[in-house]
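Welcome, and thanks for taking a look at this one with us. Please open the structure and keep it beside you while you go through the briefing below.

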Amino acid sequence: SLALRTGAIEEVLALARGFASDGDWIDGWVRAKAAEREALKSQREPEAVLLADLAASLRPTSLKDRVTAYALGDDFCLFDAHEADDVGYDIGLAQTRLEAIRLDLGRELARDLDTLFQLLPQLVASDRSGVVNLGREIGRSVANPKFLWEAIVRQIIAGGPEASVGSFSSQVLRGIAERAPTLVTTFLEDALTQPVLHPLFVHMQASVGLDDRGVERLTAAASLPSVPVASFGILAWGGLSVPLDGTRLRELLLALAEREGGIAPALEVLRMRLYGRKQNGLPVTPEDCDVGVHLVGGVDFDLCKSRPYVVKEVIADCFMPGQHDDAALSLCLRLRDAFLQGHVPASDVGDVSAALGRSFPRIVLDVFVDGSLADADELNRSTLELPASRGGVLDHVDETFMIEWARERPETRFPALAHIVHLWKQNDNTEPARRNEADAPLEWS
């Protein structure tokens, strides 16, 4: 800070107090707190005491300025100097103190609508984390939630389509839902008919939770061009999709997949649902498998839009041998062709095909090793260059089956395997493990 760099601390403090003489000076308070932290860190305790006194005198007092400071400011700047000290600093306790202040401010604002409406443009536009608990507490506490929500909608409309809109409005809605869920249902039904709210709609619905009717609303929203495809990605987080009925979720994801760019968020939502269900000891439903196979079948590798770690996890949970052999074959062929045309890196091929290797070993071997399904010898030769792929195409193919498969056409398949099989493979813990040559010494030598 200027006071510490120049050493003229008395003069700088007098100047600061002069600036603040006309009322609250939030920036000055924040900078004084930052200077106090700097003084403590450099062990200049006399200056730190003077700066602490200045910060105390500049602390905002009006409700409007306190909300501006504590909800619309940067969290770190709001920590007290001793909280921000590198020694013994507990960010969890400091954050808890801040959130308690924001809850109190939310209750105050709910009683002071004049101040709330003065701040509404900044609150609605803010992307700061400080508005989350503030907005939720306002929703819980305001006397007339319908009046407030209508004011928020008017503010969003006034901002126009290019205006920034943060999470405040959804958090207010969440707070109202805790006390008046039927009213919030009405708000959401109305929002679905108002294009100006469509960019926020998925976040609004997600913030209050998902029931059957909520999923139906999202399914309807998925077909609306004015609802951004990317906004559905929020449904992957917070365990939102885990308890949902499989049939209803399938309808939602299939509707989303019909939109341009919809496959990626739909796959991410399904991946996190599958993960959450396994973590909670819940089964993967037949509907999950059906939609997983459909979504993976829609991945356009030629556009380099595949996300291999997402695709391989969905494959592992949804592709069932005997039921989805045709889908597995089609996927392998598309993936191989995209690789040969230079649209997909070898590492992606290794990730996705390895996920198929455990359940569909013959298909993986036929497509990526034998080359009998290729259109020309050149494709076969290029396919054999895949040892460069991360992990390896065949790392999850059972080695006993691999040998039996090779014996069907020993003159071509053993040389092909010798070219493509890694001496080292990735195990399920991602640690490299040496292949067991002792199981088949002749073939591997």
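Predicted model: local features only at pLDDT ≥ 70, side-chain atom pairs only at ≥ 80, totals over all residues.

**The chain as a whole**

- The protein chain holds 25 helices and 2 strands.
- Of its 445 residues, 47% are buried.
- If we take the contacts between residues at least 6 apart in sequence, 71% of them join residues at least 24 apart.
- The protein chain has an accessible surface of about 21300 Å², and carbon and sulfur atoms account for 53% of that surface.

**The nonpolar core**

- The largest nonpolar core numbers 107 residues, and those with the most contacts inside it are Phe168, Phe232, Leu235, Phe319 and Leu394.
- Helix H16 (residues 263–279) supplies the largest share of this core, with 7 residues.
- Which residues does phenylalanine 168 touch, once its neighbours within four places in sequence are left aside? Its contacts are Leu120, Leu123, Val124, Val131, Leu134, Gly135, Ile138 and Ile152.

**Helix H9**

- Several of those partners of phenylalanine 168, including Val131, Leu134, Gly135 and Ile138, are also listed among the buried residues of H9.
- The buried set in H9 consists of Gly130, Val131, Asn133, Leu134, Gly135, Arg136, Glu137, Ile138 and Gly139.
- With 9 of its 12 residues buried, H9 is largely enclosed by the rest of the structure.
- The length of H9 (residues 130–141) fits expectation: at 1.5 Å a residue, its 12 residues should span 16 Å, and the end C-alpha atoms are 17 Å apart, which agrees.

**Aromatic pairs**

- How many aromatic pairs does a search of the whole structure find? The search finds 3, and two of them are described here.
- Tryptophan 149 and phenylalanine 187 form a stacked pair, with 5.7 Å from centre to centre and 20° between the planes.
- This pair links distant parts of the chain, as tryptophan 149 sits in helix H10 (residues 145–159) and phenylalanine 187 in helix H12 (residues 181–192), 38 residues apart.
- Are tryptophan 149 and phenylalanine 187 buried or exposed? Both are buried.
- Phenylalanine 319 and phenylalanine 360 make an edge-to-face pair, 6.5 Å centre to centre with 90° between the planes.
- Phenylalanine 319 lies in the loop between helix H18 (308–318) and helix H19 (325–340), while phenylalanine 360 lies in the loop between helix H20 (346–357) and helix H21 (361–370), so the pair ties together parts that are 41 residues apart in sequence.
- Phenylalanine 319 and phenylalanine 360 are also buried.

- Leucine 356 belongs to helix H20 and is buried, its relative accessible area being 1%.
- Apart from neighbours within four places in sequence, leucine 356 is in contact with Ile315, Phe319, Ala328, Leu331, Cys332, Pro361 and Val364.
- Leucine 356 and proline 321 are 35 residues apart along the chain, and 9.6 Å separates their C-alpha atoms.
- Aspartate 366 is in helix H21 and counts as buried, at 18% relative accessibility.
- What does the side chain of aspartate 366 make a polar contact with? Its partner is the side chain of tryptophan 405, at 2.9 Å.

**Two further positions**

- Threonine 285 is found in the loop between H16 and helix H17 (286–297), and with a relative accessible area of 13% it is buried.
- Beyond its neighbours within four places in sequence, threonine 285 is in contact with Gly246, Arg273 and Arg277.
- Glycine 159 is in helix H10, and at 36% relative accessible area glycine 159 is partly exposed.
- Between glycine 159 and valine 196 there are 10.0 Å in space, C-alpha to C-alpha, and the two are 37 residues apart in sequence.

Note on methods. Residues numbered from 1 in each chain as written. Heavy atoms only, no water. Core = buried A, V, L, I, M, F, W, Y, C linked by side-chain atoms within 4.5 Å. Buried < 20%, exposed > 50% of the residue type's maximum accessible area, 1.4 Å probe, protein only. Helix = DSSP H or I, 4+ residues; strand = E, 2+ residues; numbered from the N terminus. Contact = heavy atoms within 4.5 Å. Phe/Tyr/Trp six-rings, centres within 6.5 Å; stacked < 30°, edge-to-face > 60°. Expected span 1.5 Å × (residues − 1). Areas by Shrake-Rupley, 256 points an atom, 1.4 Å probe, with all protein chains shown as cover. Polar contact = N/O pair within 3.5 Å; in protein donor to acceptor, adjacent residues only side chain to side chain.
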